[in-house]
Amino acid sequence: MAVVPQEAINQFEALMEEVDESLKRTFKNIHQGYPHESLMRFLKAREGNVTKAHKMLVDCLMWRLENNIDGMLAKPIVPVELYRDIRESQLIGLSGYSNEGLPVFAVGVGMSTLDRASVHYYIQSHIQMNEYRDRVILPAATKKYGRHVSKCIKVLDMTGLKLSALNYIKLMTTISSIDDLNYPEKTLTYYIVNAPYIFSACWKVVKPLLQERTRRKINVLSGCGQDDLLKIMDYSSLPHFCRKRSSGSSKHLDKNADSCFTLDHPFHQQLYDYIKKQSLDRATIAPVKQGSVHVTLPENASEGDIAKILESELENLRV
């Protein structure tokens, strides 16, 4: 849905005026001073249906309260060795910004193993990344570029994708459901690069099952995607797995390019330092409990069906 009618927005605003004050407070952490735009995101996620969008947003706000999502950025994953293990097995990082000022997040789908910590830690880390993006990265980009920046771009690297992906497909589906239900319309485009045969086979099966709104956002690029991505961002913002060597062949990627996945990358250092500082500030008021955060997980039938079909397709390829 490209355009949201003003009448729908007015109705949505009127409904939100009636919600409990506690829900209004957590909504502020979502909209960051742009409530109108946030309502539009939820309306787009429900094809302009005000009743469904209102239920979706209220459910999201309740989820935030029940799981103390507002305090998620004050709960560091400790010790740091554990957090390093997570960063080395859940590959994601900020590689730079597009020409329009949108943050570019690189995701190493194929090389992520998600096997060095509990499910709860991986989900906690993912939510922290979302919250830091929405409360720190996007507001800073808005200030820097002089206009409201509310979305990001994600570049998904399929290098190394194997049948062992079956081992964590359910966790990835859960994380995807958390994003769809509680952080809708935050990604402008998903660019898929370095796709091996196994991805192509699965994509043919999954693509028809996705909503048109989701399909429009996914763009499968040739090879490492450098030539296409340079049309929307500078070379310095390209994820390391998209950078060719001087030979110009996508088969000869620049292995020396800095990886934004590692804990030593400035983005992850800033994120971890921010969380530790928030934790220390809160500790002066009340002790902060250690350990993983257990978050209520969503139940999404349609995505569960997609996961089962994808799992079946991967099993067929195994034969």
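Colleague: By class, which residues does the lining of the second largest cavity have?

Modeller: A cavity is a set of points, on a 1 Å grid over the protein atoms alone, where a 1.4 Å probe fits but cannot get out, and lining residues have an atom within 4 Å of a point. Here, that lining has three nonpolar, two polar and two charged residues. Ala, Val, Leu, Ile, Met, Phe, Trp, Tyr, Cys and Pro count as nonpolar, Asp, Glu, Lys and Arg as charged, and the others, Gly among them, as polar. This is a predicted model, in which local features need pLDDT of at least 70 and side-chain atom pairs count only at pLDDT 80 or more, while totals for chains, interfaces and linings use all residues. Residues are numbered from 1 along each chain as its sequence is written, and side-chain values use heavy atoms, with hydrogens and water left out.

Colleague: Which helix gives the largest share of the lining of the second largest cavity?

Modeller: Helices are DSSP runs (H or I, at least four residues), numbered from the N terminus. H6 provides that share, with four residues.

Colleague: Which residues of helix H2 are buried?

Modeller: Buried means under 20% relative accessible area and exposed over 50%, with a 1.4 Å probe and protein chains only. In H2 (residues 21–31), the buried ones are Ser 22, Leu 23, Thr 26, Phe 27, Ile 30 and His 31. Seen down the axis of H2, they fall within an arc of 165 degrees, so they line one face of the helix; the arc is that of the directions from the helix axis to the C-beta atoms. Arg 25 and Lys 28 are exposed on the face turned away from the buried side of H2.

Definitions and conventions:
Helix = DSSP H or I, 4+ residues; strand = E, 2+ residues; numbered from the N terminus.
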